[in-house]
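The coordinates are shown first.

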2 protein chains.
Amino acid sequence: MSYTISEAAEKVGIPPTTIRYYDKEGLLPDIKRRNGIRVFEDIDLRLMGLLTCLKDTGMPIKRIREYVELTKKGDASLQERYEIIKAQRQFVMDQIEQLQFYLEELDFKDWYYNKALAAGTASVISFDDYERETGKKAPDDPKNRNG
Amino acid sequence: MSYTISEAAEKVGIPPTTIRYYDKEGLLPDIKRRNGIRVFEDIDLRLMGLLTCLKDTGMPIKRIREYVELTKKGDASLQERYEIIKAQRQFVMDQIEQLQFYLEELDFKDWYYNKALAAGTASVISFDDYERETGKKAPDDPKNRNG
DNA sequence: CCTTGACTTAGAGTTAACTCTAAGTGATAC
DNA sequence: GTATCACTTAGAGTTAACTCTAAGTCAAGG
C-alpha cells in the first residue's frame, strides 16, 4: 500500500511539515519519489512508528539519526543497534519508576486538597493523618504554607 | 535551617543559575534576602521539590507560575489548585501508560536483536516466533528491513 | 488552457527552558 | 586595606524541535 505525505501523516499522527523535517534530518532514508513527490510504503510507516517510540521516550533526533544510519549498514551494525535499544529500554524503565515516584507526591497533594476543601481551609490539615489513612509517608509537610 | 543558593542547589539538585531563573520567572515567591542575597528556608526547599515534580512531569513553567500565584491567595484558591493537581495526576498516569506501551515495543526490539545476534543475521527472524515465545503480538514486522 | 489543490524547497522564525556574560557588591582571610 | 570568593543583576546567547514563508511544480477538473 502507498500513501502521500498527508495520508502518512494521518496514519502515524505526525503533521506533514514534521515528516518533511524528519526527512531533511535524515530520519527517513530511502523514501521513494514520483515526480519529486514522496511516496510512503507500509515499511516506511512502521519505521516512523519506531521513530515515534524513540522520540516520545526522550531520544534526541540526532541520536535517532545515528540509529537509522546504523540500520543502513545491515547485519554489521546489529550489536551497536542492540546497545542503543537496550539503553533506551532501560531509560524507559527508569522514567516509569521516576513517574511512579512523582505520582505518589501528587497522590498526597490530591488527598491534601480533598481534606482542605472538605474543611474549607488548608490550615487544619495534619501530616500524620495521611500516614494514618494511607499507610504512606507524606512527601511534603502540610502544616506549612505553599500547599 | 537556612541555606545559601548553592547549598539549596545542592539539596534540590537544581543549579544555582536555574534557581535564579525560576525566581525571575516568579516560581519562588517571597524568598528572604539578607544584604540582597537570597536566604532559603526548608519551606522553600519543599516548594522547590513540588516544582521539580510538576516540571519533570511535563508542566510548563508558565503553568507552574499560575499554580504558585494561586497558593498566594490562600484558601480562596483551593478548588482551582486542586483542579491543577488532579489534572497533572491524570496526566502522569497517562504518561506511565504510554511509556508502558512503548516499553513493549522496545521489549520486542530487544528480543529481535538477541535473535539476530545469535543467528549472526537479521534476515532469518520470524514475526511469529515472538508471539510463540512470549504470547505477545510483535509491534513491528521483523520480516522487513529497518529492524 | 487555466485554475485549483496538494505537493516541493531553502531558509527564516518561533518557543521553551535554560545558560552565559559582563559588571558589580559585600563579607571574610591575610 | 586589598584580594578573594560567592553572591547579585540585566540582558544576550544557545539548543532542540519544530513551524512558517515564499516561491515554485505538477496532475486533474471544468
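The sections below take the aromatic contacts and then the DNA contacts of this predicted model.

Over all chains, the structure holds 15 aromatic pairs. One of them joins Phe108(A) and Tyr112(A), with 6.2 Å from centre to centre and 40° between the planes, a tilted arrangement. The angle falls between the limits of 30 degrees for stacked and 60 degrees for edge-to-face, so the pair counts as tilted. Both residues belong to helix 5 (residues 78-119) of chain A, where they are four residues apart and therefore separated by about one helical turn.

Phe108(A) is buried, at 1% relative accessibility. Tyr112(A) is also buried, at 3%. Tyr112(A) has a further partner in Tyr113(A): the ring centres are 5.1 Å apart and the planes stand at 80°, which makes this pair edge-to-face. Tyr113(A) is buried too, and its relative accessible area is 0%.

## Cluster and charges over rings

Phe108(A), Tyr112(A) and Tyr113(A) are members of one aromatic cluster, which also includes Trp111(A), Tyr130(A) and, from the other chain, Tyr82(B).

Tyr112(A) also has a charged neighbour, as Lys109(A) lies over the face of its ring at 5.2 Å from the centre. In chain B, the charged end of Lys109(B) sits over the ring of Tyr112(B), and the distance to the ring centre is 5.2 Å.

## Surface near DNA strand C

DNA strand C is surrounded by 16 residues, the closest being Ser6(A), Arg20(A), Arg33(A), Arg38(A) and Tyr22(B). Of the atoms of DNA strand C that come within 4 Å of the protein, 77% belong to sugar and phosphate. By residue class, the surface near DNA strand C has six nonpolar, five polar and five charged residues.

## Polar contacts and contributing elements

Helix 2 of chain B provides the largest share, three residues.

Terms used: Residues numbered from 1 in each chain as written. Chains lettered and ligands numbered in written order. Predicted model: local features only at pLDDT ≥ 70, side-chain atom pairs only at ≥ 80, totals over all residues. Heavy atoms only, no water. Phe/Tyr/Trp six-rings, centres within 6.5 Å; stacked < 30°, edge-to-face > 60°. Helix = DSSP H or I, 4+ residues; strand = E, 2+ residues; numbered from the N terminus. Buried < 20%, exposed > 50% of the residue type's maximum accessible area, 1.4 Å probe, protein only. Lys NZ or Arg CZ within 6 Å of the ring centre and 35° of its normal. Near = heavy atom within 4 Å. Nonpolar A, V, L, I, M, F, W, Y, C, P; charged D, E, K, R; others polar.
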